[in-house]
Amino acid sequence: MSASLLNRLFNRKTSVDRQKALSEFTSRYASFKKLLQANADIAKILATLDTVYHGGKHLDTDLIRHEVMRAIVCVRTMGESLNQLSNNRYPELDTATEAIVQHIGKELHSYTPGDVSEITLPLSEVDSSMTYSVGAKNANLGELRNMLEMPVPRGFAVTTRAGQLFLSQNPGLFTKIQRTLEDIDIDHPATIQKASETIQEAILGTPLPEEVEKALLSTYDRVFRDRECRVALRSSAIAEDGVQSFAGQYLSILGVTRQSLPQAFKKVFASLYSPRALSYRLSNGYELSTSGMAMCCLQMINARAAGVAYSRHPVNLRSNDVLINGVWGLGEAVADGSALPDQWLVSRATMRITRETIVGKLTKVVLDQAEDGSIAPHVHEVDELLQHVPCLTKEQAAEIAKAAITLEHHYQYPQDIEWALDEDERLVFLQTRPMGFDTTSEDVRAPELEKIRPVISQAEVAARGVACGRVMIMDPDEDMTHFPEGHVLVMTHSSSNATVAMQRACAIIAEVGSLTGHMASVCREYGVPTLINASAATMLLEDGQLVTVDALKGRVFSGEIPELLELRISRPPVANTPATALMRRIAPHVLPLHLVDPRSRTFSPENCTSLHDVMRFVHEKSYSEMFLLSDSVTEGKEKAATHFTGPIPLDLYIIDLGGGLKDPLAARAVLEDVTSFPLRLLLEGMVNPSVRAHGPRPVNMRGFMSVMGNNLLRSDMAERFGDHSYAIVSDKYLNFSSRVGYHYAILDCWCSATVSKNYIRFEFAGGAAGSVQRERRVRCIGIILKELGFKVSVIADRVQARYQKYPRTEIASRLDQLGRLLIMTRQMDMLMTSEEAVTQFASNFLNGDYH
């Protein structure tokens, strides 16, 4: 047999062996990636729950339950992935996890929602236990009707099962929604508008499943017993009307006929994905992807008068009055703030009216029937004799106030109530939900500023606070997607559409509005200083004008007023609700971290007592297992890694998953052979001449002796890492793990033209020196990374950082800097002999001095 034939046979066997080893590695590496994704997901969930626990965010009971169940799924996924990665090296992990889950289950049990399998339910069969299936609006109406025997319209609940069937029986629609939502970038509001239009168009163009349509129509016939009955179809989303109000975010359709009911269902369902609803969910930490839309189908009340009542004053917390707003006709003008309402303050103690404000009510909204038989709300002039007449009698106002207090006592929380008087002047309640408060400290008092003349005065305060910014006047119905950061939004009347701009507006001013309107409620939740009924604001203010908004005394001043801007605004306290009570009960099994030191003998599955502990244990062990897995493909006969031979002080092996090297089967590679964009940038940073220009760093003898002493003391207690480092790559992806002695660095990155997918996750931990010096080193690294724009967390001798959703050029710049930083940090712990060294080395690095 010729030498050339032997050579070909040998090379073919080597290639086959290498591909086999790489295939096995890729399979197990998929478990590692799955683990990392689950770790990232649970980190977000725990951050949300921790914020809820400390009062920084409000979630209702069902959403807390939902988030905890998601956290459990993530932890189980992490444990399963770790055992797949390690060939089941940690069997006791499942036992520890399930013990924690069992504890959580016991706490959640009494809060388990009343799940229902029906597509529709008459209100006579609905109560508050069904919130998770029928939404808060339906659950509250059922509670009012069946438990409190209060008058509510005839109607039925459309459960979340209807929406779930709509999506499950149209899988192409579900996939389109998921993929479209993935393209949303909160930092680029135009992506929200585009995604909303795409999703809503797809929903409206998809046929309704036959069983859903049949359920809607048969229940309509059974409940209303009149095929000509006009109904209102209103949203009752799962998170709606909880502590986070979602006021005005979803659609309600009035004058719906039996024939138009199926299409109306699709329109209301599509409003889950309206721009303002998506913006609101993003801002408040809710999942963008949800099918949790129930609906409330109610007989239309052709109201003689209607409005809103608050069982407590939403702004003046010292008040002991019920606040009632009302107008002639339908109450939509009160809810959307487009009309100035009559107002009553009714004493909670005596039921007497303490203040009555009657305004000129020139128009009203009523239901009109068109020639084609359809019914829709239209604006009409109010009879001249009624324009200055109160829309409620004193007795009716007292009746509403009494009901408001009853509801507050029943729910153990102040209530926001919608009411109506029918044509026979019978009182009917349309919904109740928890109030949103403006709890800015009332001890904050604005100075009189007698020598400065305000541009606007005597406006009504809807949300207290002070702000300064440039004016931007907008039509209330205009697309506010691109509202500029830090500007003052000025409108002719308040509008729920303003939610889209609320994240960026520093203050809001409306010429007409209602204290009990949707926009005012959401402004109080967001903490945006807001003035309403600011007469002629759009004429007195100019686009681009710098103003100071005093939403303490109802004034607007031209220019910047330092005396006002010095006022500090306190944040709202945590409401004592069933949701916060549940959070306190489950928190000990979810949030605390007891496994802090990986070197401790107690760092084991048996000592995990919370989901956070399991997350920490698995995350720590996953990198050790990944190092071992990587070692397996760089040693022995079946090598599947390429040795990098460039001028860096690391023994680096590259494992190419596709597109990362010019020749993925080559035994060795230099910088020019690397085609992985993120790895090439990292390596270019490492080999940058300015990093290596001055030779080895001088050793501080005190630091060196500390390292030597610490190693002698810890020789039996800690595991020393090997010398190999690894880069697992594709053309756009990099997972880099570097280990030298007792410290390691991990970098995970995606760098592409798609901004929303780009990220860098970086972690550095350990070291050979004592704990003080190790902790100083990671604090130094943390300072550098913060200056580079990373979000940084430093705990003990570990620093974690992330930089995500930035353009490719910005990701590239940070990778180059991280390459330099990885070279600089080697043996840096020896030099951390004082606190001054921390800031000095960080400053040196940021100024380009790497030695």
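I began with C74, which is buried at a relative accessible area of 9%. My cut-offs are under 20% for buried, over 50% for exposed and in between for partly exposed, with a 1.4 Å probe on protein chains only. This is a predicted model, where local features need pLDDT of at least 70, side-chain atom pairs count only at pLDDT 80 or more, and totals for chains, interfaces and linings use all residues. Residues are numbered from 1 along each chain as its sequence is written, and side-chain values use heavy atoms, with hydrogens and water left out.

**Cysteines**

How many disulfides (cysteine sulfur pairs within 2.5 Å) does the structure hold? I found zero disulfides. I then looked up C506, which is in no disulfide. Is C506 buried or exposed? I have C506 down as buried, since its relative accessible area is 18%.

**Ring pairs**

Rings of Phe, Tyr and Trp (its six-membered ring) pair when their centres lie within 6.5 Å; planes under 30 degrees apart are stacked, over 60 edge-to-face and the rest tilted. With that rule I get 10 aromatic pairs. One of them joins F156 and F224: the ring centres are 6.1 Å apart and the planes stand at 50 degrees, so I put this pair down as tilted. What does it tie together? F156 comes from strand 2 (residues 155-158) and F224 from helix 8 (residues 210-224), so the pair ties together parts that lie 68 residues apart in sequence. Helices (H or I, at least four residues) and strands (E, at least two) are DSSP runs numbered from the N terminus. I also looked at how covered the two rings' residues are. F156 has a relative accessibility of 0%, which makes it buried, and F224 is buried too, with 2%.

My next pair was F166 with F269. Their ring centres are 5.6 Å apart and the planes meet at 75 degrees, so this pair is edge-to-face. Where do the partners sit? I traced F166 to helix 5 (residues 160-168) and F269 to helix 9 (residues 261-270), so this pair ties together parts 103 residues apart in sequence. For F166 I wrote down 0% relative accessibility, so F166 is buried. F269 is buried as well, and its relative accessible area is also 0%.

Which residues do ring pairs link into a cluster? I noted Y90, F603 and F617 as the members of one such cluster.

**Charges over rings**

Here I count a charge as over a ring when NZ of Lys or CZ of Arg is within 6 Å of the ring centre and within 35 degrees of the ring normal. R761 is one case: it lies over the face of Y759, and I noted 4.4 Å to the ring centre. I also marked R808, whose charged end sits over the ring of F677 at 3.8 Å from the centre of that ring.

**Positive phi**

Most residues other than glycine have a negative phi. I went looking for exceptions here. E425 is not a glycine, yet its phi is positive, at about 60 degrees. Where is E425 found? I located E425 in the loop that runs between strand 12 (415-421) and strand 13 (427-434). E425 has 37% relative accessibility, so I call it partly exposed.

A536 went on my list as well: its phi is near 60 degrees, a positive value in a residue other than glycine. I placed A536 in the loop between strand 18 (530-532) and helix 15 (537-540). With a relative accessible area of 28%, A536 is partly exposed.

**Two last look-ups**

I795 belongs to strand 28 (residues 791-795). I795 is partly exposed, because its relative accessible area is 47%. I checked I795 against V778, which is 17 residues from it in sequence, and got 8.8 Å from C-alpha to C-alpha.

L822 has a relative accessible area of 9%, so I list it as buried. How far apart are the C-alpha atoms of L822 and M686? I noted 7.3 Å between them, for residues 136 apart along the chain.

Methods:
A disulfide is a pair of cysteine sulfur atoms within 2.5 Å.
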